[in-house]
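Here is a short note for a colleague who is opening this structure for the first time. Please keep the sequence and the model side by side while reading.

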Amino acid sequence: MILFASDLHLCPARPGTVHLFERFLAGPAREATALYLLGDLFEYWAGDDDLADPFNADICAAIRKVGAGGTAIFFLPGNRDFLVGADFCKATGAKLLPEEIVVDIAGMRTLLLHGDTLCTDDADYQRFRAMVRDERWQREFLAQPLAERRTRIEQLREKSEQEKQTKTCEIMDVAAASVSAAFRCHEVGRMIHGHTHRPARHEVDIGGRTAERWVLPDWSETLGGYLACDATGCRAIPFT
């Protein structure tokens, strides 16, 4: 059994979500052959030197214990934690994945991604994304003191939330053309991603064949969820 989860947005201000994740790690995750975390595990990640924070260190240690128990751990960065690096991987025991990757799940070529690259109708966000994913921008940002980075991230998050109030849900969702293009480009029959907080299974017609797109749920203080896949297919599982 292979499990997929994303958009937990873990932080000290959301103890209920943290408790859910700890229970998930102690139960379903330990029974899986592999666990894929597809981004936005944390509310934000200011750089690997933030591992000194006890909260972050505890979460990473809990993930590492699952890997030590035999579950392979994979991490694909999201729009909140794209600054994770080698130290994060060492602390969690996770293998860091590229922004898009095709894996074989019981014979099905499956595209994994966070999902924000599919939201191409949101031009403002895509410009911002291109800026913060630039290597030079990241070098300069990570060169700043940790406290300054945290403050800057909080300011960017506040600005983002304000901008969301002026955008329609359709603009912030994936663009159908981008979804189709990704299916065709990677020649896959399945896609799994998060980001949009709109959990569902979609059937997509790709040149006369039916492909499936699974959207992972975000986690709240009382409800989480993950996707479980094996030779029989995939199924969404709520976790309360």
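This is a predicted model: local features need pLDDT of at least 70, side-chain atom pairs count only at pLDDT 80 or more; totals for chains, interfaces and linings use all residues.

1. The main core. The largest nonpolar core has 40 residues. Leu 10, Phe 21, Phe 24, Leu 41, Phe 42 and Phe 88 have the most contacts inside it. Several elements give two or more residues to this core, among them the helices α1 (15-26), α3 (54-68), α4 (86-92) and α7 (146-164).

2. A separate core of 17 residues includes Ile 2, Leu 38, Leu 112 and Trp 214.

3. Phe 42 up close. Which residues does Phe 42 touch, leaving aside its neighbours within four places in sequence? Its contacts are His 9, Leu 10, Phe 55, Asn 56, Ile 59, Cys 60, Arg 80, Asp 81 and Phe 88. Leu 10 and Phe 88 are also listed with Phe 42 among the residues with the most contacts inside the largest core.

4. An exposed lysine. Lys 65 lies in helix α3. Its relative accessibility is 56%, so Lys 65 counts as exposed. Between Lys 65 and Thr 92 there are 8.2 Å in space, C-alpha to C-alpha, and the two are 27 residues apart in sequence.

5. Salt bridges: Asp 50 and Arg 150. Side chains of opposite charge can pair when their charged atoms come close. The structure holds 15 salt bridges. One of them joins Asp 50 to Arg 150, with the closest N and O atoms 2.4 Å apart. This pair links distant parts of the chain, 100 residues apart: Asp 50 is in the loop between β2 and α3, and Arg 150 is in helix α7. Arg 150 has 28% relative accessibility, so it counts as partly exposed.

6. Salt bridges: Glu 99. Glu 99 pairs with Arg 129, the closest N and O atoms being 3.2 Å apart. Glu 99 sits in the loop between β4 (95-96) and β5 (100-105), while Arg 129 belongs to helix α5 (residues 123-132). Glu 99 also forms a salt bridge with Arg 133, at 2.6 Å between the closest N and O atoms. Arg 133 is in the loop between α5 and α6 (135-142), 34 residues from Glu 99. Glu 99 counts as partly exposed at 37%. Arg 129 is buried at 10%, and Arg 133 counts as buried at 18%.

7. The network. Salt bridges link Glu 99, Asp 116, Arg 129 and Arg 133 in a network.

Technical notes. Residues are numbered from 1 along each chain as its sequence is written. Side-chain values use heavy atoms; hydrogens and water are left out. A nonpolar core is a set of buried Ala, Val, Leu, Ile, Met, Phe, Trp, Tyr and Cys residues joined through side-chain atoms within 4.5 Å. Buried means under 20% relative accessible area, exposed over 50%, partly exposed in between (1.4 Å probe, protein chains only). Helices (H or I, at least four residues) and strands (E, at least two) are DSSP runs, numbered from the N terminus. Contact means heavy atoms within 4.5 Å. A salt bridge is a side-chain nitrogen of Lys or Arg within 4 Å of a carboxyl oxygen of Asp or Glu.
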